[in-house]
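Please keep the sequence and the structure in view while reading.

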Amino acid sequence: MTTPEDNLVDRFEATVNPGLARIQRFMGLTAVEAGGFGAEVWDETGQRYLDLGGGYGVFVHGYRHPRIVAAAVRQLEQLPLSSRVLLNRPMVALAEELRALTPGDLQYSFFCNSGAEAVEAALKFARAATGRTHFVAAEGAFHGKTFGALSVSGRRLYREPFEPLLPGVRHVPFGSVEALEAAVGPETAAVVLEPIQGEGGVIVPPPGYLAAARRICDRAGALLIVDEVQTGMGRTGTLFAVEQEEVVPDLMTLAKGLGGGVVPIGAVVGRPGAFRFFEEAPLLHTSTFGGNPLAAAVAREALRVMVEEDLPGQARLKGAWLAGQLDQLARQYPDIIREVRGRGLMLGLELVTAGHAGALMSEMFARHVLAVYTLNNERVIRFMPPLVITEQQLATVVERLADALAAVRAMDLEE
Ligand code: PLP
């Protein structure tokens with residue numbers, strides 16, 4: 001009998017991505033999503049799942065936060081897209097909110113529609129602001145898959161088929177101040193870093209790393225671009241991860257959670273010097289849909305909800321509890337779990353082999369927990385649930401994870 005799920009994966013295979021369709025089938029992921037609320041998502045047959053991957057970090061506010069949906073509906077009924085000739089009030093209001101909430105003298109915002117586009121813009125702004133051409137980025141970094149963003153990303157698998165990429169990009173080991181110091185020079189337009197590498201496998205650098213990067217950039221006259229696409233919006237326990245090192249970047253990129261789990265939006269927030277080139281050339285970089293009233297009104301509400309519901313504080317508390325539980329499981333299953341790391345509700349479980357990660361994800365899916373690995377490190381499963389996940393739901397996740405680990409160990413013993 002053909003179920004609706006079988007049907008959709010076949011149609012996906014025929015019209016979207018045949019290779020990915022095969023992986024979905026292999027992983028047993030053929031259910032079709034139908035709705036979601038908070039940390040839960042359900043399929044067309046009514047089966048419910050807890051979303052531990054949080055849509056790759058998008059759902060910081062959870063699915064369909066009522067206040068954010070209401071803001072979207074209001075704007076949708078009024079004016080969703082802009083004439084781009086008259087002034088756009090929601091966009092300016094969002095830029096003002098970002099100016100107020102971001103650290104230091106970050107003041108101007110450029111809006112676009114995704115994380116990669118935000119990184120792309122930041123790279124161009126750094127060249128325009130400094131008149132220099134080179135970039136220093138980190139091994140294992142992930143900044144998106146457009147040409148510029150890919151050029152500063154670290155994984156060969158995604159890069160090599162598209163070379164030659166941007167010239168003048170150097171990759172240094174993430175977390176090494178000495179390597180950064182040696183790589184930054186008079187031609188460096190910017191250093192590009194994530195505060196915690198997300199897709200690299202939830203890699204937390206040593207304390208003081210970002211602050212050292214700031215000093216190195218200042219000394220060399222280079223800009224510091226901090227990519228907060230994944231760490232931003234409360235995920236690591238503060239609104240932006242840079243706050244924990246009291247670092248003010250020249251350019252900060254945002255996307256994912258900025259859209260409140262309701263719309264796509266990206267942004268680059270910059271200090272005055274990094275945006276000065278717009279005075280001479282206001283149309284040097286543009287995006288038709290960037291800062292559209294619908295996305296802007298939603299993002300502004302998403303920021304307000306974040307502050308009023310103290311989502312960063314929730315990430316801190318819930319993250320500390322979850323990390324403690326994961327540490328306990330790591331002690332129980334040293335044959336499967338190598339390490340638990342991360343900050344706030346950005347946690348990673350590094351497994352002994354990629355095979356263990358695949359098996360554990362499958363066992364978790366079977367127990368209705370959606371878990372995914374990080375794009376640049378297949379041994380690491382991410383724990384990035386919506387920050388609104390309830391304590392009860394987190395406890396359920398831990399119970400199901402414990403069961404799944406027992407099942408993986410049983411498989412290991414059988415082999
Ligand atoms: N930067 C970081 C740190 C990311 O984690 C991602 C996506 O995972 C991106 C940029 C790219 O964002 P997008 O997929 O919206 O282009």
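A polar contact is a pair of N or O atoms within 3.5 Å; within protein, one must be able to donate a hydrogen and the other to accept it, and residues adjacent in sequence count only if both atoms are side-chain atoms. The model is predicted, so that local features need pLDDT of at least 70 and side-chain atom pairs count only at pLDDT 80 or more, while totals for chains, interfaces and linings use all residues. Residues are numbered from 1 along each chain as its sequence is written, and side-chain values use heavy atoms, with hydrogens and water left out.

**The ligand site**

| Residue and its atom | Ligand atom | Distance |
|---|---|---|
| G115, backbone N or O | oxygen | 2.8 Å |
| D227, side-chain N or O | nitrogen | 2.6 Å |
| K256, side-chain N or O | oxygen | 2.9 Å |

The protein buries 82% of the 390 Å² that the ligand exposes when taken alone; such accessible areas come from the Shrake-Rupley method with a 1.4 Å probe. The residues around the ligand (each with a heavy atom within 4 Å of it) include S114, F142, H143, E194 and Q230. By class, this shell has three nonpolar, five polar and four charged residues. Here Ala, Val, Leu, Ile, Met, Phe, Trp, Tyr, Cys and Pro count as nonpolar, Asp, Glu, Lys and Arg as charged, and the others, Gly among them, as polar.

**Two helix pairs**

Helices (H or I, at least four residues) and strands (E, at least two) are DSSP runs, numbered from the N terminus. Axes are lines fitted to C-alpha atoms, for helices over the stretch in contact, and angles run from 0 to 180 degrees between N-to-C directions.

How do α4 and α13 run relative to each other? The axes of α4 (residues 66–78) and α13 (residues 293–308) come within 9 Å and cross at roughly 155°. The two helices are therefore roughly antiparallel, a term for angles over 145 degrees.

The axes of α14 (residues 311–332) and α16 (residues 391–414) come within 11 Å and cross at roughly 20°. This pair is therefore roughly parallel, as angles under 35 degrees count.

**Backbone geometry**

Most residues other than glycine have a negative phi, and most peptide bonds are trans. Between E163 and P164, however, the peptide bond is cis, with omega about 5°. P164 is in the loop between α8 (156–159) and β6 (169–172). M233, which is not a glycine, has a positive phi of about 60°, and M233 lies in the loop between β8 (223–227) and β9 (251–254).

Terms used. Angles under 35 degrees count as roughly parallel, over 145 as roughly antiparallel, 65 to 115 as roughly perpendicular and the rest as oblique.
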